[in-house]
Amino acid sequence: MLEPLRQGLPPLDPAAVSNAASCALPARYEAVREARKFTRRTLDQWELDHRFDDVCLVVSELVTNALRHALPAGAQRLPEQTPPVRLHLMRWTERLVCAVRDPSHDSPVARDSDDFSAESGRGLFLVDSFSDSWGWQPLAGTLSGKVVWALFRLQPGQAPTAGSADS
């Protein structure tokens with residue numbers, strides 16, 4: 001999982017990951033709420049609850065985009081044997097990465113819209129506005145699809161706590 005992320009991120013030593021957590025998300029829009037709850041619990045455990053608002057907004061947008069644009073037609077109606085979307089949260093000493101893996105090979109596309117009353121189409125603009133950087137990478141090896149990530153810089157001195165979570 002880390003190799004595709006490292007290809008598009010600033011230099012990060014994967015051995016220095018102090019915390020990592022991930023959760024599988026089903027192909028239904030209620031998964032966005034599940035992703036927010038998972039993010040809240042994880043950031044609370046890592047004593048990063050003060051970053052929740054920005055991180056949660058970005059997680060919501062990335063998961064929504066994966067569900068809306070990256071799933072094959074009809075995936076919402078299929079039985080949930082293997083959840084098609086996965087949220088990963090990874091913490092280094094001074095960085096937090098939120099990454100959403102999905103089965104699509106298509107690159108995320110930011111819409112250029114001057115219609116400020118539109119109810120959709122601004123997700124990647126929000127990701128860009130609230131994170132320090134973002135990008136995407138196709139997955140390699142036996143994994144199919146891509147991962148879209150957003151990076152948040154943490155203040156020095158916000159020492160990570162030991163442990164990790166996974167569900």
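# Sheet and helix packing in a predicted model

The accessible surface of the chain in this predicted model comes to about 9,000 Å², and 49% of that surface belongs to carbon and sulfur atoms.

Visitor: What pattern does the chain follow along the sequence?

Guide: The pattern reads α-β-α-α-β-β-α-β-β, with four helices and five strands in the chain.

Visitor: What makes β1 and β4 edge strands?

Guide: The five strands form an open sheet in the order β1-β2-β3-β5-β4, with antiparallel pairing. β1 (19-25) and β4 (133-138) each pair on one side only, and they are the edge strands. Neighbouring strands of this sheet are turned by 15° against each other on average, direction ignored.

Visitor: How do you know that β3 and β5 count as paired?

Guide: Pairing requires at least two bridges between two strands. Eight bridges join β3 (residues 95-102) to β5 (residues 146-153), and therefore the two strands count as paired. They run antiparallel. As one instance, Asp102 has Lys146 in β5 as its bridge partner.

Visitor: Which strands does helix α3 lie across?

Guide: Helix α3 (residues 52-69) lies across β1, β2 (85-91), β3 and β5.

Visitor: Why is α3 called roughly antiparallel to α4?

Guide: The axes of α3 and α4 (residues 123-130) cross at roughly 150° and come within 9 Å. Because angles over 145 degrees count as roughly antiparallel, α3 is described as roughly antiparallel to α4. Their crossing is left-handed.

Visitor: Which residues meet where α3 and α4 are in contact?

Guide: From α3, Asp54, Leu57, Val58, Glu61, Leu62 and Asn65 take part. They meet Gly123, Leu124, Leu126, Val127 and Phe130 in α4.

Visitor: What describes the packing of α2 against α3?

Guide: Two packed helices are described by the angle between their axes and the distance between the axes. For α2 (residues 31-45) and α3, the angle is about 150° and the axes are 9 Å apart. α2 passes α3 in a right-handed crossing. Contributors to the contact include Ala31, Val32, Ala35 and Leu43 of α2, and Phe52, Val55, Cys56 and Leu67 of α3.

Visitor: How much of the chain counts as buried?

Guide: Residues under 20% relative accessible area count as buried. Of the 167 residues of the chain, 41% count as buried.

Methods. Residues numbered from 1 in each chain as written. Predicted model: local features only at pLDDT ≥ 70, side-chain atom pairs only at ≥ 80, totals over all residues. Heavy atoms only, no water. Axes fitted to C-alpha atoms, helices over the stretch in contact; angles between N-to-C directions. Contact = heavy atoms within 4.5 Å. Buried < 20%, exposed > 50% of the residue type's maximum accessible area, 1.4 Å probe, protein only. Areas by Shrake-Rupley, 256 points an atom, 1.4 Å probe, with all protein chains shown as cover. Parallel < 35°, antiparallel > 145°, perpendicular 65-115°, else oblique. Left-handed = near helix turned anticlockwise from the far one by under 90°.
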